Amino acid sequence: MEVSPLHNRCIWSSPVRSSSSHRLLLVSLSARKSKSPGLVPSFRSTRRRNLCSASSSETLIGSRKEDGKHSQVVSKKEEEEDLKSWMHKNGLPPCKVVLKEKPSHNEKHRPIHYVAASEDLQVGDVAFSVPDSLVVTLKRVLGNETIAELLTTNKLSELACLALYLMYEKKQGKNSFWSPYIRELDRQRGRGQLAVESPLLWSEAELAYLTGSPTKAEVHERGEGIKREYNELDTVWFMAGSLFQQYPYDSPTEAFPFEIFKQAFVAVQSCVVHLQKVSLAQRFALVPLGPPLLAYRSNCKAMLTATDGAVQLVVDRPYKAGESICVWCGPQPNSKLLINYGFVDEDNSYDRLVVEASLNTEDPQYQDKRMVAQRNGKLSVQAFQVNVGKEKETVFEMLPYLRLGYVSDPSEMQSVISSQGPICPVSPCMERAVLDQLADYFRTRLAGYPTTLSEDESLLADANLNPKKRVATQLIRLEKKMLHACLKVAVDLINQLPDHTVSPCPAPYAPSLK
């Protein structure tokens with residue numbers, strides 16, 4: 001039931017809850033020998049030699065330039081032994097999927113693979129079950145769960161550690177047990193379902209497609225975070241020496257330029273799986289046959305799950321033989337889907353925007369207002385989540401916070417502080433000021449985009465639109481729809497005011513919105 005805008009809640013009785021062309025991503029570099037040639041293989045080297053002997057000695061994973069022609073002659077055996085064949089040879093039991101391919105938007109790049117049903121599947125069928133011996137986790141990589149937890153709770157993320165491991169494995173070329181998997185990651189190039197790389201690898205000119213969207217700033221912030229992690233890579237080298245002694249190369253920051261690490265990081269980011277009900281050192285896993293070979297969908301409920309000795313996928317819907325198989329990507333907004341996986345989901349029920357409201361710290365009554373806000377589950381700087389389809393609810397959640405910020409008379413403030421109930425009178429001029437500020441804020445955000453909604457629709461109708469511009473346009477179009485919905489709520493409330501001749505109250509210490 002809607003509450004009259006003139007006598008709405010100005011404080012809360014309880015918190016309201018709202019639900020570029022790049023080289024191969026794991027570029028092979030010429031091995032630079034360590035300055036300490038006396039390093040000897042660790043206790044794990046014997047096991048690794050055994051694992052390597054199980055893989056194809058003829059597999060070729062050297063540097064390959066994707067210029068439309070293969071710069072190296074690829075052996076016939078490599079063409080025949082794809083990722084799935086390698087997995088079967090190393091313990092993957094019979095499964096109900098096949099690897100198929102679709103062309104890349106860029107004709108200079110090889111087609112990308114995807115996992116499809118090899119036969120008709122029904123709800124509850126196990127599509128595949130990958131044994132732990134073919135799953136890469138920090139526990140497996142570092143061989144010591146304590147070290148794994150220490151590294152990831154200090155300065156380095158799981159993604160950085162996993163990326164570093166695969167980079168060193170890539171240097172080993174065909175001698176690496178993981179070479180077929182690494183070759184598949186190279187082929188995918190960190191591209192999502194639309195064959196688009198993460199904006200983390202876009203040029204500045206391409207990032208301009210995101211002008212007006214907060215995602216552009218998020219990309220820059222994430223890039224700075226990756227740089228900080230790169231600067232800490234040598235920590236892993238020194239702390240996990242028992243692992244890296246088997247690699248006769250320099251320390252990470254000497255062996256790998258930042259751009260190479262960034263590409264590897266993005267590749268790992270696009271395919272890492274967050275497992276549930278496992279130890280900290282196993283929660284992030286690289287699962288062959290998992291993403292990005294599996295399609296991510298926001299409305300899918302199937303998840304890769306850890307079972308006894310394996311990671312398996314139980315499908316949540318029927319599939320016909322040949323159909324692409326999908327998994328749930330988690331409750332992520334489209335901005336995260338684009339940054340992490342290079343795609344935007346038009347039907348994403350978890351899509352959202354953030355509106356940050358903050359009380360004016362120069363307000364003489366700031367501390368009192370801060371106390372009232374905290375008493376009602378809000379902060380002096382409060383992030384409001386605008387969830388798609390629930391824009392009206394978000395606006396109504398914001399109104400009491402903004403009204404609190406507009407209180408100027410000390411006696412009124414004391415009344416709010418001592419009030420036994422959540423209802424307090426709101427003057428017509430205050431309500432007009434609050435609603436005007438909200439409406440102006442949404443108009444300003446919309447004006448920050450270089451295109452209109454109708455222009456976005458025209459762009460998306462072009463079948464030849466640049467793929468990166470297409471996903472960027474999809475994103476900003478969906479953001480604009482949410483902002484327009486919020487603006488409509490604010491305008492409708494203004495139109496419902498009984499007296500439109502009332503001027504907004506002056507507000508020397510009005511809360512800010514950004």
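**Stop one: a pair of helices**

Select H15 and H17, whose crossing is left-handed (the near helix is turned anticlockwise from the far one by less than a right angle; clockwise would be right-handed). H15 covers residues 366-375 and H17 covers residues 410-418; they pack at about 25 degrees with axes 10 Å apart. Axes here are lines fitted to C-alpha atoms over the stretch in contact, and angles run from 0 to 180 degrees between N-to-C directions. That makes H15 roughly parallel to H17 (angles under 35 degrees count as roughly parallel, over 145 as roughly antiparallel, 65 to 115 as roughly perpendicular, the rest as oblique). Show side chains for the contact (heavy atoms within 4.5 Å): Asp-368, Lys-369, Met-371, Val-372 and Arg-375 of H15 with Met-413, Gln-414, Val-416 and Ile-417 of H17.

A word on ground rules: this is a predicted model, where local features need pLDDT of at least 70 and side-chain atom pairs count only at pLDDT 80 or more, while totals for chains, interfaces and linings use all residues. Residues are numbered from 1 along each chain as its sequence is written, and side-chain values use heavy atoms, with hydrogens and water left out.

**Stop two: colour by confidence**

The chain averages a pLDDT of 81 (the predictor's confidence in each residue, from 0 to 100), and 76% of the residues score at least 70. Pick residues 1-9: pLDDT is below 50 there, and the stretch has 23 contacts in the model beyond near neighbours in sequence. Residues 13-80 are also below 50, with 145 such contacts. Where pLDDT is low, the predicted coordinates should not be read in detail.

Now select H16 (391-406) and H18 (428-447), whose axes come within 10 Å and cross at roughly 120 degrees. The two are therefore oblique to each other, and their crossing is right-handed. Contact residues include Leu-399 and Leu-402 of H16, and Leu-435 and Phe-442 of H18.

**Stop four: an enclosed helix**

Is H14 (334-341) mostly buried or exposed? Seven of its eight residues are buried, so H14 is largely enclosed by the rest of the structure (buried means under 20% relative accessible area, exposed over 50%, partly exposed in between, with a 1.4 Å probe and protein chains only). Its cover includes H9, H13, strand E6 and H20. Zoom in on Asn-334, at 0% relative accessibility; its contacts include Phe-343, Asp-345 and Leu-475. Finish just after H14, where Gly-342 takes a positive phi of about 80 degrees.

How values were computed: Helix = DSSP H or I, 4+ residues; strand = E, 2+ residues; numbered from the N terminus. Lists of a residue's contacts leave out its neighbours within four places in sequence.
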